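Let's work through some charged pairs together. Have a look at the model below, then try each exercise before reading its solution.

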Amino acid sequence: MKRILPLLTLAALVLVLHSAFRSRGSVPSAPTLYDTIVALDARWEDAYNHCKMEVMEELISEDLEFYHDQGGLLTSKQKLNEALKNNICGKVKRELKQGSIEVYEIKGFGAVEMGMHGFLPSNSTGPADHYAKFVHVWKRQNGKWQITRVVSLH
């Protein structure tokens with residue numbers, strides 16, 4: 001009996017804690033920074049893959065800096081939009097490598113997103129055979145999120 005009492009006490013404590021956390025989980029909460037950035041990335045990918053220029057325009061900051069290991073540095077939002085429209089729309093689609101996103105807060109500014117993505121012909125149905133590293137710096141200003149820096153490494 002002496003051995004059973006501590007086990008029953010522990011079991012009761014586990015049930016109480018489980019109930020407390022479970023009921024807390026049913027209350028709607030604000031999305032985490034990670035959830036926010038993952039949702040923004042999904043929005044970016046959808047716009048990229050379906051040539052939604054107005055969405056890409058909205059998500060790209062005016063003070064963009066795009067560092068591409070093969071293409072060099074691009075600092076013009078207008079030139080990036082032209083390149084997307086002329087070289088990507090209807091030709092290439094982006095595929096995020098599931099589970100690859102890491103998000104870090106930049107206090108008072110926004111967040112850094114790091115991950116892996118692959119690129120395929122638009123009509124391809126298979127998964128990417130190569131994934132490249134990327135870094136997006138997201139700026140939050142007046143409640144609006146925009147990509148202000150991109151590092152793309154292939």
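**Exercise 1.** Decide whether Glu 62 is buried or exposed in this predicted model, then find which residue forms a salt bridge with Glu 62.

*Solution.* Start with accessibility: the cut-off for exposed is over 50%, and Glu 62 has a relative accessibility of 61%, so Glu 62 counts as exposed. Next, look for the partner: Lys 77 forms the salt bridge, with the closest N and O atoms 3.3 Å apart. This pair links distant parts of the chain, since Glu 62 sits in strand 1 (residues 60–68) and Lys 77 in helix 4 (residues 77–88), 15 residues apart. Finally, check Lys 77: its relative accessible area is 7%, so Lys 77 is buried.

**Exercise 2.** Work out which parts of the chain the salt bridge between Asp 63 and Lys 139 ties together.

*Solution.* First, the contact: the closest N and O atoms of Asp 63 and Lys 139 are 3.5 Å apart. Then place each residue: Asp 63 lies in strand 1 and Lys 139 in strand 6 (residues 132–141), so the bridge ties together parts that are 76 residues apart in sequence. As for accessibility, Asp 63 is partly exposed at 36%, while Lys 139 is buried at 14%.

**Exercise 3.** Find which residues are joined with Arg 94 into one network.

*Solution.* Salt bridges with shared partners join Arg 94, Asp 41 and Glu 45. One of these bridges pairs Arg 94 with Asp 41, at 3.0 Å between the closest N and O atoms. Both residues are buried: Arg 94 has a relative accessible area of 3% and Asp 41 one of 1%.

Definitions and conventions. Residues numbered from 1 in each chain as written. Predicted model: local features only at pLDDT ≥ 70, side-chain atom pairs only at ≥ 80, totals over all residues. Heavy atoms only, no water. Salt bridge = Lys/Arg side-chain N within 4 Å of Asp/Glu carboxyl O. Buried < 20%, exposed > 50% of the residue type's maximum accessible area, 1.4 Å probe, protein only. Helix = DSSP H or I, 4+ residues; strand = E, 2+ residues; numbered from the N terminus.
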